Amino acid sequence: MSEISPDAKPNILITGTPGAGKSYLCERLASQLKFDWLDCSKIAKENDFVEEYDEEYDCPILDEEKLMDHLEPLMTKGGNIVEYHGCDFFPERWFQAVFVVTCPNKTLYDRLKERNYNEKKLTSNVQCEIFGTILEEARDSYKSDIVFQLKGETKADAHMSLKTVKNWYRMWKRK
Ligand SMILES: Nc1ncnc2c1ncn2[C@@H]1O[C@H](COP(=O)(O)OP(=O)(O)O)[C@@H](O)[C@H]1O
């Protein structure tokens, strides 16, 4: 198992409920910080890292092991912004910071409706946001001092989130 080299850039995890605004933020972050954006859902789809298909929720079930084998060499190099709507199965050592994007339920509902999610999938994701499931998962899976909550509803939120992550990176470089 290889460790991240001491002079490498850090790896940052951006997580949150689907529709909360992860991709919107990651795209901007990756281009402004000059990090690589690793969208796990996209990588899984492109490489067929799929165990089976969940008909009820109309979504593929991720083969976590295959995804992690794929990511491991990239993570060793550092400088990645990893995006995924879950966070408890990644090795804790991969990430120097974990940011959880959150969004008010009404906005989230509208965004997921726009994606044509079926009613069951839509309700389950909105409930996930109401209960703060991903935030709790992040706090259970990583040290509390590296887990931060961000808002993903408005452009002003995105602006603030960019500032927060950039400030975190500035402080990290000073260490
Ligand atoms: N901060 C924001 N301000 C305005 N619109 C946003 C913001 N974040 C996301 N959106 C919009 O909400 C929708 C879902 O965002 P997306 O980033 O794809 O969510 P996720 O990656 O978490 O599934 C997209 O149409 C996106 O343009």
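Predicted model: local features only at pLDDT ≥ 70, side-chain atom pairs only at ≥ 80, totals over all residues.
Colleague: Shall we begin with α6? Which of the residues in this helix are buried?

Modeller: Helix α6 spans residues 133–141, and its buried residues are Ile134, Leu135, Glu137, Ala138 and Ser141. They lie on the same side of α6, because they cover an arc of only 160° around the axis.

Colleague: What do the buried residues of α6 pack against?

Modeller: Their partners are the strands β1 (12–15), β6 (97–102) and β7 (147–151), together with helix α5 (119–130).

Colleague: Let us turn to helix pairs. At what angle do α1 and α7 pack?

Modeller: The angle between helix α1 (residues 22–33) and helix α7 (residues 155–174) is about 45°, and their axes are 10 Å apart. That angle makes α1 oblique to α7. The crossing of the two helices is right-handed.

Colleague: Which residues make that contact?

Modeller: On the α1 side they are Tyr24, Leu25, Arg28, Leu29, Gln32 and Leu33. Helix α7 contributes Lys155, Ala158, Ser161, Leu162, Val165, Lys166 and Tyr169. Sorted by class, this contact of α1 with α7 has 8 nonpolar, 2 polar and 3 charged residues.

Colleague: And α4 with α5: parallel or antiparallel?

Modeller: The axes of helix α4 (residues 105–114) and α5 cross at roughly 155° and come within 10 Å. Angles over 145 degrees count as roughly antiparallel, so α4 is roughly antiparallel to α5. This crossing is right-handed.

Colleague: What is the make-up of the contact of α4 with α5, by class?

Modeller: From α4 the contact takes Asn105, Leu108, Tyr109, Leu112 and Lys113. From α5 it takes Glu119, Leu122, Asn125, Val126, Glu129 and Ile130. By class, there are 6 nonpolar, 2 polar and 3 charged residues in the contact of α4 with α5.

Colleague: What about Asp58? What is its phi?

Modeller: Asp58 also has a positive value, near 50°. Its place is the loop between β3 (50–54) and β4 (59–62). Asp58 counts as partly exposed, at 38% relative accessibility.

Colleague: Then Phe90: buried or exposed?

Modeller: Phe90 is buried, because its relative accessible area is 5% and the cut-off for buried is under 20%. The residue belongs to the loop between β5 (80–84) and β6.

Colleague: What does Phe90 touch, leaving out residues up to four places away in sequence?

Modeller: Phe90 touches Leu13, Cys40, Leu67, Met68, Leu71, Val82, Tyr84, Phe95 and Tyr142. For a distance reference, Phe90 and Thr164 are 23 Å apart, C-alpha to C-alpha, with a sequence separation of 74 residues.

Colleague: Finally, where is Asp157 found?

Modeller: Asp157 is in helix α7, and at 17% relative accessibility it counts as buried. Apart from neighbours within four places in sequence, Asp157 is in contact with Lys151 and Gly152.

Colleague: How many residues separate Asp157 from Leu25 in sequence?

Modeller: Asp157 and Leu25 are 132 residues apart in sequence, and their C-alpha atoms are 9.7 Å apart in space. Leu25 is one of the α1 residues in the contact with α7.

Notes:
Residues numbered from 1 in each chain as written. Heavy atoms only, no water. Buried < 20%, exposed > 50% of the residue type's maximum accessible area, 1.4 Å probe, protein only. Helix = DSSP H or I, 4+ residues; strand = E, 2+ residues; numbered from the N terminus. Arc of directions from axis to C-beta. Contact = heavy atoms within 4.5 Å. Axes fitted to C-alpha atoms, helices over the stretch in contact; angles between N-to-C directions. Parallel < 35°, antiparallel > 145°, perpendicular 65-115°, else oblique. Left-handed = near helix turned anticlockwise from the far one by under 90°. Nonpolar A, V, L, I, M, F, W, Y, C, P; charged D, E, K, R; others polar.
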